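Please read the following report alongside the sequence and the model shown below. It takes up a few topics in turn, for a reader who is new to this structure.

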Amino acid sequence: MFLITDRAGRFSLLKTCCLLVLVAPALWLGWRALNHQLGPRAMTEALHVTGQWAVRFLVAALALTPLQRLFKQPRLSLIRRMLGVGAFVWAAGHLVLYAWSQDFAMGHVVSEIFSRYYLTIGFAALLGLSILATTSTDGMISRLGPWWKRIHRAVYVIAALAILHFFMQSKIDASEATLMAGLFLTLMIYRLAMRPRKPVGPLLLAGVAVAGAAATALAEFAWYGLATGANPWRVLAANVHPEHGLRPAVLVLLSALALGAVAEVYRRMTAARGGQAAPRGAAPMPRST
């Protein structure tokens, strides 16, 4: 029952909702498989879906610390471990499906992993996630002491490797990989902006949003220019032409601006109800697992 209870053993709606979010895509994938809705290349589709959710949950786990600070919600630390371990489980499922697609010929699977760069990178990310998952228990945190934080800082490198693997297996259509890269880069920019412990105001959040969108567009430009042979300038120009749909850089910009606006409204509402919100320049909430 620890999956749906807090540290005091009480029922946690937050953890229960997180668990449902982690499990729901697997149930949907299973339903599609049973009803033959995965298309003519069912195994390939299942591989893509499991890999996508692994990266999504990993980026979501990285977003929790900024969200804690923006909304003054220390309880969000309750689900950081769940999201991180969930990302590992989805990534492990991704590997199992790959082995299944190779008829579990493990010698061939190992050979492929070490002979194909994108598989090597993906496996390195999975190995890193497995280390973080196995050291996320309360007992390991206590035993490792200060080394625990040092080990878990590797999550940033692991996330970068996972997103690079996502790019490489996406080939010509790397829209979602670019979106995940953009969100990751925006989170990193936010963390850098917070290092001097500056007040978290609308202007700073807007600057982070613009910088994150620019970094996303640059990442997309670099990927298409260096890896696909497509004209990167046309891809870059598509960001300012709405008839092509919302590109990842635009989605990152709008998402970050919307989050900043919601955080500012929340701060003002909380202050108006009695001034219980911490001041803008307050230190961030302590991090746990």
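This is a predicted model: local features need pLDDT of at least 70, side-chain atom pairs count only at pLDDT 80 or more; totals for chains, interfaces and linings use all residues.

Because R268 and E264 are four residues apart in helix 12, which covers residues 248-272, about one helical turn separates them.

## Other salt bridges

Across the whole structure, a search finds nine salt bridges. Side chains of opposite charge can pair when their charged atoms come close. One of the pairs joins D6 with R10, whose closest N and O atoms are 3.2 Å apart; here D6 counts as buried at 18% relative accessibility, while R10 counts as exposed at 55%.

Another salt bridge is formed by the side chains of R81 and D138, at 3.1 Å from N to O. This pair links distant parts of the chain, since R81 lies in helix 3 and D138 in helix 6 (residues 138-144), 57 residues apart. Both ends of the pair are partly exposed, R81 with a relative accessibility of 23% and D138 with a relative accessible area of 43%. R81 and D138 also belong, together with R7, to a network of linked salt bridges.

In soluble globular proteins, nonpolar side chains tend to be buried together. The largest nonpolar core of this model has 39 residues, and the members that touch the most others are V55, L58, L83, I163 and F167. Two or more residues of this core come from each of helix 1 (13-34), helix 2 (42-71), helix 3 (80-101), helix 5, helix 8 (155-170), helix 9 (175-194) and helix 10 (202-228). Helix 2 provides the largest share, nine residues.

When residues up to four places away in sequence are not counted, L58 touches A87, L129, V155, I158, A159 and A162.

## A nonpolar patch on the surface

Nonpolar side chains are also found on the outside, where V110, F114, F123, L127 and I131 form a surface patch with about 470 Å² of accessible area together. Helix 4 (106-115) and helix 5 (117-134) each supply at least two residues of the patch, and helix 5 gives the most, with three residues. F123, which lies in helix 5, counts as partly exposed at 30% relative accessibility.

Which residues does T178 contact, leaving aside its neighbours within four places in sequence? T178, a residue of helix 9, is in contact with F167, T216, E220 and P248, and at 1% relative accessibility T178 counts as buried.

H152, in helix 7 (residues 146-152), is likewise buried, with a relative accessible area of 15%. Once its neighbours within four places in sequence are left aside, H152 is in contact with L132, T135 and S136.

A disulfide is a covalent bond between the sulfur atoms of two cysteines. The structure holds zero disulfides. C17 counts as partly exposed at 38% relative accessibility, whereas C18, at 7%, counts as buried.

Most residues other than glycine have a negative phi, and most peptide bonds are trans. Against this background, D103 has a positive phi near 60°, and F104 has a positive phi near 55°. D103 is exposed, with a relative accessible area of 67%, while F104 counts as partly exposed at 46% relative accessibility.

F2 is found in the segment before helix 1 and is exposed, with a relative accessible area of 62%. F2 and K15 are 13 residues apart in sequence, and in space their C-alpha atoms are 9.3 Å apart.

Technical notes: Residues are numbered from 1 along each chain as its sequence is written. Side-chain values use heavy atoms; hydrogens and water are left out. Patches are made of residues with over 30% relative accessible area and no salt bridge: like charges are joined within 9 Å, nonpolar side chains (Val, Leu, Ile, Met, Phe, Trp, Tyr) within 5 Å. Accessible areas come from the Shrake-Rupley method with a 1.4 Å probe; for residues, only the protein chains shown count as cover. A salt bridge is a side-chain nitrogen of Lys or Arg within 4 Å of a carboxyl oxygen of Asp or Glu. Buried means under 20% relative accessible area, exposed over 50%, partly exposed in between (1.4 Å probe, protein chains only). A nonpolar core is a set of buried Ala, Val, Leu, Ile, Met, Phe, Trp, Tyr and Cys residues joined through side-chain atoms within 4.5 Å. Contact means heavy atoms within 4.5 Å. A disulfide is a pair of cysteine sulfur atoms within 2.5 Å.
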